Amino acid sequence: MSWFESLILGLVQGLTEFLPVSSSAHLRLTAAFSGWEDPGAAFTAITQLGTEAAVLIYFRQDVGRILAAWFRSLTNKEMRRDHDAQMGWLVIVGSIPIGVLGVTLKDQIEGPFRDLRITATMLIVMGVVIGIADRLAARDENGGRHRAPKQRKTLLDLNTKDGLLYGLCQAMALVPGVSRSGATISGGLFMGYTREAAARYSFLLAMPAVLASGAFELKDAAEGGHVAWGPTMFATVIAFVVGYAVIAWFMKFISHKSFMPFVYYRIALGIVIIALVTAGALSPHAAESAG
């Protein structure tokens, strides 16, 4: 991997990680359209550490409160009724599905799942799902001629069942094209949560999974020596800087804007990829990464 490739891929990772468009799909597609080798699942997981560092800094007050309350709840029974302590447990519960499936399906994630035909299909299918969830949320928020606006749930209403459902939605993002934020936010909207609550919990829930995945890939890369460390670390720093700016923008955007632009983009991109693969202009399979 050249330094120029790492710059572009770092920008792509930072720009797409938090938007409901699938960062893993865009990294794969950027390489495919540019004629580069597939950066691979390890590169994706490591550069996600950069964007996750941006999440930790942006939500540092929330993370600090939750961690402090959770640790205190381990020895103080009264603290177990505290909302922040409960959030700590709910993030743990919600992280179980992707942890189990991530280990179980590791070979598929790094191989067959990276087929561009699967990526394109997931872009379209999840685009439709996000669109339906967005319309349901808008109907509740705006009401109608014969229907009053409906109060949606906030994070104060989050319980173990919803936390686990959020986790199952997040696990779907193991397949490129799904989008971690797209799956979890749309899942939250279907469960009746506000856009802001769904997005905030989505970002908090991603922390354990992304950090664990990145650490796991770092360990494997260190032992196997199959990662170009300089370019990969450079891409991770770029992803951090760009990702922080995107989080700040996205949290303001979702408070009063529809997700439909992302829906149209996903569907259009998926159709273009299928057309190019069908015409033979684009290979559906990843090139072997040289690291």
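Arg 195 is buried, and Asp 134 is buried too. Their side chains come together in a salt bridge, with 2.5 Å from N to O. This pair ties together distant parts of the chain: Arg 195 belongs to helix α10, Asp 134 belongs to helix α7 (residues 116–142), and 61 residues separate them. Keep in mind that you're looking at a predicted model.

**Salt bridges**

The count of salt bridges comes to 10. Some of them share partners, and in that way Asp 62, Arg 65, Asp 84, Glu 196 and Arg 200 are joined into one network.

| Pair | N to O distance |
|---|---|
| Arg 65 and Asp 62 | 4.0 Å |
| Arg 117 and Asp 115 | 2.8 Å |
| Arg 195 and Asp 134 | 2.5 Å |

Take Arg 65 and Asp 62. Both sit in helix α4 (residues 60–73), three residues apart, which is about one turn of the helix. Is each one buried or exposed? Arg 65 has a relative accessible area of 42%, so it counts as partly exposed. Asp 62 has 15%, so it counts as buried, given that the cut-off for buried is under 20%.

Arg 117 and Asp 115 can be read in the same way. Arg 117 is partly exposed, with a relative accessible area of 43%. Asp 115, on the other hand, is buried, with a relative accessible area of 11%.

In soluble globular proteins, nonpolar side chains tend to be buried together. Here, the largest nonpolar core has 51 residues, and Phe 59, Tyr 201 and Phe 250 are the ones that touch the most other members. Which helix gives the most to this core? That's helix α10 (residues 195–224), with nine residues. Another core, of nine residues, lies apart from the largest one, and its members include Leu 29, Ala 32, Ala 120 and Val 277.

Back to Phe 59 for a moment. If you skip its neighbours within four places in sequence, Phe 59 is in contact with Arg 200, Phe 203, Leu 204, Met 207, Ile 247 and Met 251. One of these, Arg 200, also turned up in the salt-bridge network above.

**The largest pocket**

Now for some open space. The largest pocket holds about 690 Å³. It is lined by 34 residues, and those closest to its centre are Ile 98, Ile 109, Leu 174, Arg 180 and Ser 213. What kinds of residue make up the lining? There are 15 nonpolar, 13 polar and six charged residues.

Several helices take part. At least two lining residues come from each of α2 (23–34), α3 (40–58), α5 (83–104), α6 (106–110), α9 (180–190) and α10. Helix α10 supplies the largest share of the lining, with six residues.

**A last stop on helix α10**

Ser 202 is also found in helix α10. How buried is Ser 202? Leaving out residues up to four places away in sequence, Ser 202 touches Arg 180, Ser 181, Thr 184 and Ile 185. Among these, Arg 180 is one of the residues closest to the centre of the largest pocket.

Note on methods: Residues numbered from 1 in each chain as written. Predicted model: local features only at pLDDT ≥ 70, side-chain atom pairs only at ≥ 80, totals over all residues. Heavy atoms only, no water. Core = buried A, V, L, I, M, F, W, Y, C linked by side-chain atoms within 4.5 Å. Buried < 20%, exposed > 50% of the residue type's maximum accessible area, 1.4 Å probe, protein only. Helix = DSSP H or I, 4+ residues; strand = E, 2+ residues; numbered from the N terminus. Contact = heavy atoms within 4.5 Å. 1 Å grid on protein atoms, 1.4 Å probe; cavity = no way out; pocket = protein on both sides within 12 Å on 5 of 7 lines; lining within 4 Å. Points joined across faces, edges and corners; volume = space filled by probe spheres on them. Nonpolar A, V, L, I, M, F, W, Y, C, P; charged D, E, K, R; others polar.
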